[in-house]
Amino acid sequence: MSDAEVILHADADLLADATAARIVTRLTEAQAARGSASIVLTGGGIGTAVLAALARTPARDAVDWRRVDVWWGDERFLPTGDAERNETGARAALLDHIDLDPGRVHPMPAPDGPDGDDPAAGALRYAAELRARAEAGGTVPSFDVCLLGVGPDAHVASLFPGLPAMKERERTVVAVHDAPKPPPTRISLTLPAIAAAREVWALASGESKAEAVGLALGGAGEVPAAAVRGRERTLFLVDRAAARDLPGTARP
């Protein structure tokens with residue numbers, strides 16, 4: 001696993017624009033090396049802002065989007081099209097504006113899907129989809145980049161401090177119940193699934209995230225954001241407000 005690197009941006013807008021440019025570079029490099037690429041999307045304010053910035057930049061056309069697999073790190077267990085679903089925000093911000101292969105877009109299950117109102121069955125279905133796209137012998141694809149938003153409590157995906165999902169080491173996808181942030185029922189990748197990514201990028205913007213970023217980079221191993229690592233690279237992409245509580249040794 002890689003050590004975490006901090007990349008500091010002046011404000012949220014510059015963070016979103018720079019991360020969008022970084023995505024273009026990462027995906028084009030992956031396609032040049034392997035013919036295709038994969039990305040795990042996140043929701044939240046800064047995650048959606050990154051996707052909107054990517055939609056705006058002409059550089060997005062450097063990526064052959066027909067050869068990109070799109071996954072999600074977590075999802076609110078709400079009906080398809082609900083405004084609170086990460087998928088809905090991602091489609092409005094980016095996915096509806098680019099030429100994707102629908103068969104390579106992998107939204108997490110919703111309660112109006114084939115498993116009905118059973119998030120555990122939905123989690124099993126998504127795990128099977130990941131396994132079907134994994135390299136030989138694997139359970140999860142080697143995502144080229146996995147985007148994660150860092151919450152004020154230092155949660156990532158829907159892995160919240162103190163909940164069982166944070167400690168899951170066998171399964172790649174789990175149902176989350178009683179999440180402290182509404183809605184309480186969700187589906188999430190686990191830490192082992194996240195760790196399959198070549199690169200993990202944790203995004204944080206604003207003073208409300210400063211304590212969480214400080215905990216994640218200050219050795220507080222009990223918070224989920226401290227545990228995320230990519231196989232080749234781990235980036236914490238933050239703005240100055242979110243970097244307020246960074247330990248001196250971690251400040252760029």
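## The β6–β7 pairing

In this predicted model, valine 174 has serine 188 of β7 as its bridge partner. Four bridges join β6 to β7. The two strands run antiparallel.

Strand β6 is covered on both faces. Val173 and Ala175 lie on one side, and both are buried.

## The three-stranded sheet

Strands β6 and β7 belong to an open sheet of three strands. The order is β4-β7-β6, with antiparallel pairing. The edges are β4, residues 74–76, and β6, residues 173–176. Each edge strand pairs on one side only. On average, neighbouring strands of this sheet are turned by 15 degrees against each other, direction ignored.

Helix α4, residues 119–133, packs on this sheet and touches β6 and β7. The direction of α4 makes about 160 degrees with that of β6. On the β4 side, three bridges join β4 to β7, which spans residues 186–189. This pair is antiparallel. Glutamate 75 has isoleucine 187 in β7 as its bridge partner.

## The six-stranded sheet

A second open sheet holds six strands. Their order is β1-β9-β8-β5-β2-β3, and the pairing is parallel. Strands β1 (4–9) and β3 (68–72) form the edges, each pairing on one side only. Neighbouring strands here are turned by 20 degrees against each other on average, direction ignored.

Within this sheet, β5 and β8 run parallel and are joined by four bridges. Strand β5 covers residues 145–149, and β8 covers residues 199–204. Leucine 147 stands opposite tryptophan 201 in β8.

## Arginine 67

Arginine 67 sits in the loop between α2, residues 44–56, and β3. Is this residue buried, partly exposed or exposed? Arginine 67 has a relative accessible area of 30%, so it counts as partly exposed, the class between the cut-offs of 20% and 50%.

The side chain of arginine 67 makes a polar contact with the side chain of aspartate 64, at 2.7 Å. Leaving aside residues up to four places away in sequence, arginine 67 touches Gln31, Gly35, Ser36, Ala37 and Arg104. Arginine 67 and glutamine 31 are 36 residues apart in sequence. Their C-alpha atoms are 7.8 Å apart in space.

## The cavity

How many cavities of 30 Å³ or more does the structure hold? It holds one. About 40 Å³ of space lies in the largest cavity.

The lining of the largest cavity consists of Ile23, Leu27, Ile39, Leu41, Leu51, Leu54, Trp65, Val70, Leu94 and Leu95. Three elements each supply at least two residues of this lining: α1 (12–34), β2 (37–41) and α2.

## The largest pocket

The largest pocket holds about 240 Å³ of space. It is lined by 18 residues. Closest to its centre are Gly43, Gly44, Gly149, His155 and Lys181.

Which element gives the most to the lining of the largest pocket? Helix α2 does, with four residues. Both α2 and β4 supply at least two residues of the pocket lining. Helix α2 also supplies at least two residues of the cavity lining.

Notes
Residues are numbered from 1 along each chain as its sequence is written. This is a predicted model: local features need pLDDT of at least 70, side-chain atom pairs count only at pLDDT 80 or more; totals for chains, interfaces and linings use all residues. Side-chain values use heavy atoms; hydrogens and water are left out. Two strands pair if DSSP finds at least two bridges between them. Axes are lines fitted to C-alpha atoms, for helices over the stretch in contact, and angles run from 0 to 180 degrees between N-to-C directions. Contact means heavy atoms within 4.5 Å. Buried means under 20% relative accessible area, exposed over 50%, partly exposed in between (1.4 Å probe, protein chains only). A polar contact is a pair of N or O atoms within 3.5 Å; within protein, one must be able to donate a hydrogen and the other to accept it, and residues adjacent in sequence count only if both atoms are side-chain atoms. On a 1 Å grid over the protein atoms alone, a cavity is a set of points where a 1.4 Å probe fits but cannot get out, and a pocket is an open set with protein on both sides within 12 Å along at least five of seven lines; lining residues have an atom within 4 Å of a point. Grid points are joined across faces, edges and corners, and a volume is the space filled by probe spheres set on the points.
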